[in-house]
Amino acid sequence: MVLLLIAIKGPGFLRRNIHNPELVGWCPVPQQCKEVTFYECLVEWSLFSHFSGGRHFCLVFYVCLQNTHCENWMKLTSEKLPKNPFYASLSQYAAKNQKFFQQIKENTDHYNHANLVDKALQILKERIRRGDAVAYFLRGQLYFEEGWYEEALEQFEEIKEKDHQATYQLGVMYYDGLGTTVNAEKGVEYMKKIVDSPCPKARHLQFAAAYNLGRAHYEGKGIKRSEDEAERLWLFAADNGNPKASVKAQSILGLYYSTKEPKELEKAFYWHSEACGNGNLESQGALGLMYFYGQGIRKDPEAALHCLREAAERGNVYAQGHLVEYYYKMKFFTKCVAFSKRIADYDEVHDIPMIAQATDCLPEFISRGMAMASFYHARCLQLGLGITKDEAKAKHYYSKACRLNPALTDELHALLIRQRI
């Protein structure tokens with residue numbers, strides 16, 4: 001089942017030309033929609049109507065009726081391994097090797113990077129031979145950071161009884177299915193071990209593990225679904241805004257309070273403020289939107305643009321998409337065109353999961369930002385705003401917006417129908 005983007009050209013009403021369509025593009029039905037049939041799809045008529053060369057032209061979306069089968073809660077990601085006060089990653093292993101291991105993380109040349117990784121593994125192998133307990137974990141962590149999940153899983157399994165960080169990583173890997181099939185129950189079991197551990201060496205992991213347990217309760221995977229328990233665990237993990245606690249939990253609380261029913265926008269603003277102050281990129285963009293629309297705080301366009309621009313510069317794709325919308329509405333069309341094309345074409349270089357990993361932003365909001373940029377870029381191409389009119393390219397970017405985020409594209413289409421775009 002796919003969502004079809006169809007164009008009908010020619011004079012008269014759509015019904016007279018329904019047997020002569022031109023396929024413009026397509027996108028898959030979201031995975032969370034189950035048992036969708038053709039009869040559960042809604043045909044949106046006369047979308048993006050305009051005249052070109054004396055011929056009437058309109059686009060038609062087949063849009064999934066999302067409120068029938070789709071889940072409407074947030075799609076979350078695991079908390080990354082927290083920093084250990086003694087050692088956190090290869091770059092902090094030992095003073096004399098610090099510069100070398102930092103090179104591994106920063107080197108982008110594939111050949112040189114592979115050589116550096118190989119040399120790092122040789123160093124770790126030698127330290128393991130000498131009985132260095134830390135090196136066992138670091139070898140597993142190097143495997144993990146390189147995406148060699150099966151090797152990482154094997155290494156962490158060997159030392160899980162002696163190293164709490166290995167236990168934590170195993171919880172993440174079993175829950176998310178990294179290097180193994182998904183086993184949410186086992187992932188939850190490992191996270192509970194961390195949260196309940198009286199050992200001082202597990203203390204720096206407990207806030208992050210509590211966030212992950214909250215995620216499991218929220219999603220109902222590996223444990224009974226309970227938003228109340230998820231909220232309790234996230235509040236514990238957030239620790240009143242402590243920068244050494246789970247900043248991800250602080251950000252997710254902001255998102256949770258702004259999406260739950262009934263909304264608690266003052267609480268959402270508070271938690272996004274705490275997370276933003278602790279460096280969270282997602283919350284910085286969220287604060288910009290809350291200031292912009294007066295949600296949980298008085299409207300403040302100047303503060304809104306400051307937050308959105310800073311978040312956009314740091315790589316928040318959702319903030320970038322909203323800046324594109326702002327430039328369009330302010331009629332800064334040349335700026336809108338250049339910025340929107342760059343964002344819409346991110347997927348030509350990196351996929352969304354890779355962007356999410358680099359920015360620690362939720363994939364859902366990355367896809368929304370890219371879809372928003374694609375839609376407004378298409379609109380500029382369609383109407384010749386800030387760029388030469390090009391119907392073929394406009395079709396391409398409308399189709400891309402639909403593929404990236406059908407729900408958001410439908411919302412923008414509704415605004416267009418009401419002549420608000």
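Biologist: What is the mean pLDDT of the chain?
Modeller: Local features need pLDDT of at least 70, side-chain atom pairs count only at 80 or more, and totals for chains, interfaces and linings use all residues. Residues are numbered from 1 along each chain, and side-chain values use heavy atoms, without hydrogens and water. pLDDT is the predictor's confidence in each residue, from 0 to 100. In this chain 76% of residues reach 70 or more, and the mean is 82.

Biologist: Over which residues does pLDDT stay under 50, with 143 contacts beyond four places in sequence?
Modeller: Where pLDDT is low, the predicted coordinates should not be read in detail. Contact means heavy atoms within 4.5 Å. The stretch with those 143 contacts is residues 1-71.

Biologist: Is H11 parallel or oblique to H12?
Modeller: Helices are DSSP runs (H or I, at least four residues), numbered from the N terminus. Axes are lines fitted to C-alpha atoms over the stretch in contact, with angles from 0 to 180 degrees between N-to-C directions. H11 (residues 265-277) and H12 (residues 281-293) pack at about 140°, axes 8 Å apart. Angles under 35 degrees count as roughly parallel, over 145 as roughly antiparallel, 65 to 115 as roughly perpendicular and the rest as oblique, so H11 to H12 is oblique.

Biologist: How are H10 and H11 oriented to each other?
Modeller: The axes of H10 (residues 247-259) and H11 come within 7 Å. They cross at roughly 155°. H10 and H11 are therefore roughly antiparallel.

Technical notes. Helices (H or I, at least four residues) and strands (E, at least two) are DSSP runs, numbered from the N terminus.
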